[in-house]
Amino acid sequence: MGLKISVIGTGYLGAVHAACMAELGHDVVGVDTDVLKIEALAAGRSPIFEPGLPELLASAQASGRLRWSTDIADVADADVHFVCVGTPQKPGEYAANTDYVFGAFASLAPHMKAGSLAVGKSTVPVGTVPRVLEVLQAGVCDGVDARLIWNPEFLREGFAVKDTLTPDRFVYGVEGAFADANVARLDEVYARALAAGTPRLVTNFATAELVKVSANAFLATKISFINAMAEVCEASGGDVVALADAIGHDERIGRKFLGAGVGFGGGCLPKDIRAFMARGEELGLAESVEFLRTVDATNVRRRSRVVELVRDELGEDVVGAPVAVLGAAFKPNSDDIRDSPALDVAERLVALGVDVRVHDPEALAVARAQRPGPGYVDTVDEALVGARVVVLLTEWQVYRDLDPADVAEQVAGRVLIDGRNALDRQRWAEAGFTVHALGRPTIAPAS
């Protein structure tokens, strides 16, 4: 028999987590202060584009195990409370804004019952959880113990449902007199995955806080490393894809996350490494995290390189020049535009006077609402027709499947800039395109 669970915060993490907990057989209520979001979820509409989530929401709500509310009091019967609110970067700073985390736990505390467990899933700076526990202790009712465990999430956008239902590991950060009981209760929540052999690591609070940001710092470093090598390849005539293949065969290195291109974006890696830098400096460890400044700077430089390539191809005739930008989301299979390299490049080109036409299969609505500067078009053809340069910045399958010969008939200038090293350069060159791929020698049109 399942547990009664509440999920506080129904953004990307919370919406997925609530639906997956219901799929696992638990009775779930998802709570958020955003009325429109809750109304959409209650109607079975996903607030984000995430493969598999709409079907999971429909199944869970049809089962009667999933409901949505804007009233925090509706969590009172829950045995386990998951807090899934965001920790965005503070405006004008690198530090993470933890106000939503503290606010969520303060709102939750009076509604916890004896024996219930609060579980933090938000990514927070190390040292935050003891203060969260203080907030809980100050807010719970008489006779109720403040029981807390930190359970970081490791979701990949585009694979979030799979990563929640069948994760590659669980991490429990737990301390204090109720540690064993808290671990046992969270084990009940994840019983199916644990029975299937998913590893579970039990740590103290600080280690659990560090796991997610450390993982993201490592991945960001690996991406920026290969992009730094791409810069060297561009200067020396090397081929970064062949280089990545060669070093990727070394089992100590591996090939994953050695895809050179326009760099990383999204709501996690950029803000998490910056928050890590800020927290390291607060702890007097600026030198320990200084390498992350280089990682961040390398990532941003790759965007500048794409702008340079476009400007070089347009020459003196930049203002009003039509350029097709393929992609707005920070990665395929997502509509997330947070810190999107594609939109950063598009906005820089707009600032130069370029007539930018941005297409994306899923992210146009959110891009138009949140980043209205570039020109957005509803079809790939609208982006391509008359374009003097085609720039691929998000490697959606629909762009991978483009026929270069067909594109050649639509554009005004046969220049391709592959910002993701996702396309077959030779095919495009055979269709008459000059092909720039980051970190690789330029290919001239086939004669």
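**Figure 1. Asn421 in the loop between β13 (415–418) and α18 (425–430) of a predicted model**. Asn421 is not a glycine, yet its phi is positive, at about 50°. Helices (H or I, at least four residues) and strands (E, at least two) are DSSP runs numbered from the N terminus. In this predicted model, local features need pLDDT of at least 70 and side-chain atom pairs count only at pLDDT 80 or more, whereas totals for chains, interfaces and linings use all residues. Residues are numbered from 1 along each chain as its sequence is written, and side-chain values use heavy atoms, with hydrogens and water left out.

**Figure 2. Phe257 in the loop between α10 (240–248) and α11**. Phe257, a residue other than glycine, has a positive phi near 65°. With a relative accessible area of 41%, Phe257 is partly exposed (buried means under 20%, exposed over 50%, and partly exposed in between, with a 1.4 Å probe and protein chains only).

Figure 3. Leaving aside neighbours within four places in sequence, Arg311 is in contact with Val318 and Leu352, contact meaning heavy atoms within 4.5 Å. Arg311 and Leu352 are 41 residues apart along the chain, and 8.7 Å separates their C-alpha atoms.

**Figure 4. Domain 1 and domain 3 in contact**. The protein is divided into domain 1 (4–203), domain 2 (212–295) and domain 3 (303–443), with bounds from an automatic or database domain assignment. Taken over C-alpha atoms, the centres of domain 1 and domain 3 are 38 Å apart. Six residues of domain 1 and nine residues of domain 3 take part in the contact. The area buried between these two domains is about 620 Å², with 47% given by carbon and sulfur atoms; buried area is the accessible area (1.4 Å probe) that two parts lose on being put together, summed over both. Of the area that domain 1 buries against domain 3, Phe49, Glu157 and Gly158 supply 82%, more than any other three residues.

**Figure 5. The largest cavity, between domain 1 and domain 2**. The structure holds one cavity of 30 Å³ or more. On a 1 Å grid over the protein atoms alone, a cavity is a set of points where a 1.4 Å probe fits but cannot get out, and lining residues have an atom within 4 Å of a point. Points are joined across faces, edges and corners, and a volume is the space filled by probe spheres set on them. The largest cavity contains about 100 Å³ of space. Its lining has 13 residues, with Val124, Pro125, Val213, Ala275 and Phe276 nearest the centre. Two or more lining residues come from each of α9 (205–236) and α11, and α11 gives the largest share, five residues. Eight lining residues are nonpolar, two polar and three charged (Ala, Val, Leu, Ile, Met, Phe, Trp, Tyr, Cys and Pro count as nonpolar, Asp, Glu, Lys and Arg as charged, and the others, Gly among them, as polar). Because domain 1 and domain 2 both give residues to this lining, the largest cavity lies between them.

**Figure 6. The second largest pocket and its 13 lining residues**. A pocket is an open set of points with protein on both sides within 12 Å along at least five of seven lines. The second largest pocket has a volume of about 160 Å³. Ala95, Ala96, Pro125, Arg131 and Glu282 lie nearest its centre. Helix α11 (residues 269–282) gives four residues, the largest share of the lining. Domain 1 and domain 2 each contribute at least three residues. By class, the lining of this pocket has six nonpolar, three polar and four charged residues.
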